[in-house]
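Subject: Structure for you to look at, with notes

Dear colleague,

Please find below the structure I promised to pass on, followed by my notes on what was found in it. I would be glad if you read the notes with the structure open beside them.

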Amino acid sequence: MATGRGAAVALFKICKTAMINRKIKAIALNASLVAILLTGSSASLAQSGAASLHGWVAFENVAYVDKQPRAKVELQHDPPGSGPAYSTETDEHGFFEFPHTSLGRFKLESTAKGFQPYSADLYISSDFAGNWAMQLKAEAPKRP
């Protein structure tokens, strides 16, 4: 009987050791997976270098419900020639969009027939997604 009991104790110790080894391996695997996930997520949090600018042009003395004039909107690197220039036109509601721009200092300009030009200096950083509203003032009536 002692032999049977001794064999059972030895078998129990072997199984217990195997279970502990399996748990250690599982913990090591989980730690490795967490390290990989953290490394991957920090890379995904890095700056992408992409930016976008959306906006709206309002026109003095033109109600929002009225048909909006079209305005040309330009985004030019400052100083000029130091990067790509972007150009678009407002839609029927006065909205414009630059879905993909580079980074840096810019001059934003908007022009429309019958209105004074608008200009502003901006800085667009990585992963910037901004909105810009502006109003074009009506040109003064020309005197004869």
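Two strands are said to pair if DSSP finds at least two bridges between them, and the strands themselves (E, at least two residues), like the helices (H or I, at least four residues), are DSSP runs numbered from the N terminus. On that basis strand 2 and strand 3 run antiparallel and are joined by 4 bridges, with glutamate 74 standing opposite serine 87 of strand 3.

Before going further, please keep in mind that this is a predicted model, in which local features need pLDDT of at least 70 and side-chain atom pairs count only at pLDDT 80 or more, whereas totals for chains, interfaces and linings use all residues. Residues are numbered from 1 along each chain as its sequence is written, and side-chain values use heavy atoms, with hydrogens and water left out.

Confidence and overall make-up

The predictor's confidence in each residue, pLDDT, runs from 0 to 100, and its average over the chain is 78, with 66% of the residues scoring at least 70. Confidence is lowest in helix 1 (residues 2-44), where the mean is 56, and highest in strand 3, where it is 95. Over residues 33-46 pLDDT stays under 50, and the model has 1 contact beyond four places in sequence for that stretch, a contact meaning heavy atoms within 4.5 Å. Where pLDDT is low, the predicted coordinates should not be read in detail.

The chain holds 1 helix and 7 strands, in the order α-β-β-β-β-β-β-β from the N terminus on. Of its 144 residues, 22% count as buried, where buried means under 20% relative accessible area, exposed means over 50%, and partly exposed lies in between (1.4 Å probe, protein chains only). Among contacts between residues at least 6 apart in sequence, 58% join residues at least 24 apart.

The hairpin of strand 5 and strand 6 has 6 residues between the strands, and in it glycine 114 takes a positive phi near 85°.

A set of 3 strands forms an open sheet in the order 4-1-7, with mixed pairing. Its edge strands are strand 4 and strand 7 (129-136), each of which pairs on one side only. Strand 1 (residues 51-59) pairs with strand 7 in the parallel sense over 8 bridges, and serine 52 has alanine 129 as its bridge partner.

Two residues to look at

Where does threonine 90 lie? Its place is in the loop between strand 3 (86-89) and strand 4 (95-101). Threonine 90 counts as buried because its relative accessible area is 0%, and its side chain reaches the backbone nitrogen of alanine 71 at 2.9 Å. Leaving aside neighbours within four places in sequence, threonine 90 is in contact with Val57, Pro69, Arg70, Ala71, Val73, Phe95 and Phe96.

Tyrosine 118 is found in strand 6 and counts as partly exposed, because its relative accessibility is 21%. The side chain of tyrosine 118 makes a polar contact with the side chain of tryptophan 132 at 3.2 Å; such a contact is a pair of N or O atoms within 3.5 Å, of which, within protein, one must be able to donate a hydrogen and the other to accept it, and residues adjacent in sequence count only if both atoms are side-chain atoms. Not counting residues up to four places away in sequence, tyrosine 118 touches several residues, including Leu108, Trp132 and Met134. The C-alpha atoms of tyrosine 118 and methionine 134, which are 16 residues apart along the chain, are separated by 7.7 Å.

With best wishes
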